[in-house]
Amino acid sequence: MSYLRTLFLHPPSYQGFDGGAGSRYQARREVRSFWYPTWLAQPAALVPGSRLVDAPPDGLTLDDVRPLARQYELAVLHTSTPSFAQDVRVAEALRAENPALRIGFVGAHVAVQRERALAASEAIDFVCHGEFDFTVREVAEGRPLGEVRGLSYRDGAGLRATPPRPPIENMDTLPFVVPVYARDLTVENYYIGYLLHPYVSLYTGRGCRSKCTFCLWPQTVGGQRYRTRSVDHVIEEIKVARRHFPQVKEYFFDDDTFTDDLPRAEEIARRLGRLGVTWSCNAKANVPAATLEVMKDNGLRLLLVGYESGNQSILNNIKKGIRLESARRFTQDAKDLGIKIHGTFILGLPGETRQTIDQTVRFACDLDPDTIQVSLAAPYPGTALYGQAVEQGWLVRDALVGADGTQQSPLGYPDLPHTEIFEAVPRFYRRFYFRPGKLLSLAGDMIRDWEVMKRRLREGREFLEFLSRRRAHA
Ligand code: SF4
């Protein structure tokens, strides 16, 4: 089988933009952060001879990537709602450089806004619906677009859509991504504040059983079932990764909710324990203590937990499926076992008031995760939250990010204007981090480890810059 010479590109957009095909909420973060472009690495692994270019972590500009157009026959660009307009400009520049280049867009944004996306520019030849791995491979095989399921394309003056492609059921048919990382990426360029550096992240499954109304991927590309790779397949990839990356200090399983299938999570943990790997994962705040213990005993270091709010009515409004008491119990269990927690919170969800913001800040301080992230509610097209926001007139602006790529507050409520929600984020961070106990524990980590010291000093500077930018925008 011969393939078109194929470039997989996460295009340059905002400086420091963490919008790659592995980032759930695309924005420039408070401190330098980049997730791996796993969703692009997956089809890249299916197309022999392809290349994956992840522009933001490598600091590549449009001028750097434009000449690549001449070397390829097909370019697949990962896009997102915040970066779409910039990604279109990149596509147009590539097309100008090589008029014969076929260009496709993938990602949740184009999966739900197919016709609008195609209509945005003649430089976009096709957009993929939902899961795009095998769709892209078939395009790279040179098949006519009309014969490839799961895409919309430009046909003369009109736009056409092919029949849907069913979701992948046998997830072991997806090849490993780590050889693509090793071939095309520099692992040292990937940072996440709460993960050891360097780290590597990958998926052991796609989809999430929960129905949180704001959550992008399960409602667009991943689905609301947890489709998993076999345990053997996962362990084999970790073995391959360790051969490629002896310098990596931690593996992160970026499945939406790795703990959705507890017996499987325990089995993977036991097998990782035998390998002596340090690892972390996403989890919902409902994992029983017995499972936490198995995971901790087998190398688990940290859990990334979406608490979202400290107000039960808001959790009910967004269909989080969690009670505050169980979140408290889970957090205490994890702490008792010595598992670190990065807790994520969202301000501006339906039902938010000044009082609920205060409640969430107090809840976060009570739980006292090791680190936190505070985001603004982001109504992505394709989510139930977006539909609700349009219907209720809560959407005060379309853009999810500002001119510098940092998050904006697009939702406002009759009793809580969007500006107040926006201003509450830095206040939340200050109230959480500028407590004597928290400052002492961060200082203790730095004193114990020189590498941590250097990194935290850099992140501290970036974080203070973020706070002052917020003050200037407020
Ligand atoms: S549990 Fe997490 S990943 Fe699953 S739908 Fe809710 S927010 Fe999304």
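Select R137 and E141 to begin: their side chains meet in a salt bridge, 3.8 Å from N to O. A salt bridge here is a side-chain nitrogen of Lys or Arg within 4 Å of a carboxyl oxygen of Asp or Glu. R137 is partly exposed at 26% relative accessibility, while E141 is buried at 16%. Buried means under 20% relative accessible area, exposed over 50%, and partly exposed in between, with a 1.4 Å probe and protein chains only.

The model is predicted: local features need pLDDT of at least 70, side-chain atom pairs count only at pLDDT 80 or more, and totals for chains, interfaces and linings use all residues. Residues are numbered from 1 along each chain as its sequence is written, and side-chain values use heavy atoms, with hydrogens and water left out.

Side chains of opposite charge can pair when their charged atoms come close. The count of salt bridges comes to 29.

Select D133 and R206 next; the closest N and O atoms of this salt bridge are 2.9 Å apart. D133 belongs to helix α7 (residues 133–140) and R206 to strand β11 (residues 205–206), so the pair ties together parts that are 73 residues apart in sequence. Helices (H or I, at least four residues) and strands (E, at least two) are DSSP runs, numbered from the N terminus. D133 is buried, with a relative accessible area of 1%, and R206 is buried at 5%.

Move to D232 and R271, a salt bridge with its closest N and O atoms 3.0 Å apart. D232 lies in helix α10 (residues 231–244) and R271 in helix α11 (residues 262–275), so this pair links parts that are 39 residues apart in sequence. D232 is exposed, at 51% relative accessibility.

Now show R137, E138, E141, R143 and R165 together: salt bridges that share partners join these residues into one network.

**Helix α15**

Select residues 354–367, the 14 residues of helix α15. Which residues of α15 are buried? They are T356, I357, T360, V361, F363, A364, C365 and L367. Among the elements that cover them are β15 (300–308), α14 (324–337) and α17 (418–433), where contact means heavy atoms within 4.5 Å.

At the start of α15, a side-chain oxygen of T353 comes to within 3.2 Å of the backbone nitrogen of Q355. Just after the helix, D368 has a positive phi of about 55 degrees.

**Around the ligand**

Finish at the ligand, and select C208, S210, C212, F214, C215, D256, T257 and K320 around it.

Definitions and conventions
Near = heavy atom within 4 Å. Expected span 1.5 Å × (residues − 1). Polar contact = N/O pair within 3.5 Å; in protein donor to acceptor, adjacent residues only side chain to side chain.
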